[in-house]
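Please open the model in your viewer and keep the selection panel at hand. The tour moves from one selection to the next and says what is found at each stop.

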Amino acid sequence: MILARNVYHVKFGQSHAAVALLKEVTQKFMPEMRGMILTDLSGHNFTVVLEGEVESLAAWEQLRQAGYAMPEFAAWFERFSQVVETSYTELYTIEYRQG
């Protein structure tokens with residue numbers, strides 16, 4: 001299993017808008033993905049994180065390619081880019097899960 005973590009540093013005061021947009025995109029385009037949306041309690045202010053689990057790197061890449069190929073995703077991405085300043089992605093192999 002792979003944990004994909006997308007970290008977004010959003011514009012001042014835009015965390016709630018970013019969370020709403022991430023909820024929209026995950027429900028609409030990735031309903032089968034197990035994941036979470038997180039907001040900062042410490043560290044870099046106005047950080048929103050989207051974490052999701054996929055079976056493999058190939059599955060992650062397929063999900064990305066399918067999303068970018070959809071016109072509806074492009075429209076969503078245009079709205080989301082209005083609230084984001086910077087972002088990056090981290091990919092991890094899940095080695096162990098408690099419980």
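Begin by selecting Ser-15, which has its place in helix H1, where helices (H or I, at least four residues) and strands (E, at least two) are DSSP runs numbered from the N terminus. This is a predicted model, in which local features need pLDDT of at least 70 and side-chain atom pairs count only at pLDDT 80 or more, while totals for chains, interfaces and linings use all residues. Residues are numbered from 1 along each chain as its sequence is written, and side-chain values use heavy atoms, with hydrogens and water left out.

Ser-15 is buried, because its relative accessible area is 14%; buried means under 20% relative accessible area, exposed over 50%, and partly exposed in between, with a 1.4 Å probe and protein chains only. Which residues does Ser-15 touch, not counting those up to four places away in sequence? They are Val-10, Phe-46 and Val-48, contact meaning heavy atoms within 4.5 Å.

From that list, select Phe-46, which is found in the loop between strand E2 (34-39) and E3. Phe-46 counts as partly exposed, since its relative accessibility is 25%. Show its backbone too, for Phe-46 has a positive phi of about 60° although it is not a glycine. Most residues other than glycine have a negative phi.

Continue into strand E3 (residues 47-54) and pick Leu-50, which has its place there. Is Leu-50 buried or exposed? With a relative accessibility of 7%, Leu-50 counts as buried. Leaving aside neighbours within four places in sequence, Leu-50 is in contact with Ala-4, Arg-5, Asn-6, Tyr-8, Leu-22, Thr-26, Met-36 and Ile-37.

Next, colour helix H1 (residues 15-29) and helix H3 (residues 71-81), whose axes come within 10 Å and cross at roughly 170°; the axes are lines fitted to C-alpha atoms, for helices over the stretch in contact, and angles run from 0 to 180 degrees between N-to-C directions. H1 is therefore roughly antiparallel to H3, a term for angles over 145 degrees, whereas those under 35 count as roughly parallel, 65 to 115 as roughly perpendicular and the rest as oblique. To see the side chains involved, display Ala-18, Leu-21, Leu-22, Glu-24, Val-25 and Phe-29 in H1, which meet Glu-72, Phe-73, Trp-76, Arg-79 and Phe-80 in H3.

For a contrasting stop, select Arg-64, which lies in helix H2 (residues 57-69). Arg-64 is partly exposed, with a relative accessible area of 34%. The C-alpha atoms of Arg-64 and Gly-99, 35 residues apart along the chain, are separated by 29 Å.

Finally, clear the selection and view the whole chain. The protein has 3 helices and 4 strands, and along the sequence these follow the pattern β-α-β-β-α-α-β. Its C-alpha trace spans about 35 × 35 × 20 Å along the principal axes. Buried residues make up 34% of the 99 residues. Among contacts between residues at least 6 apart in sequence, 77% join residues at least 24 apart.
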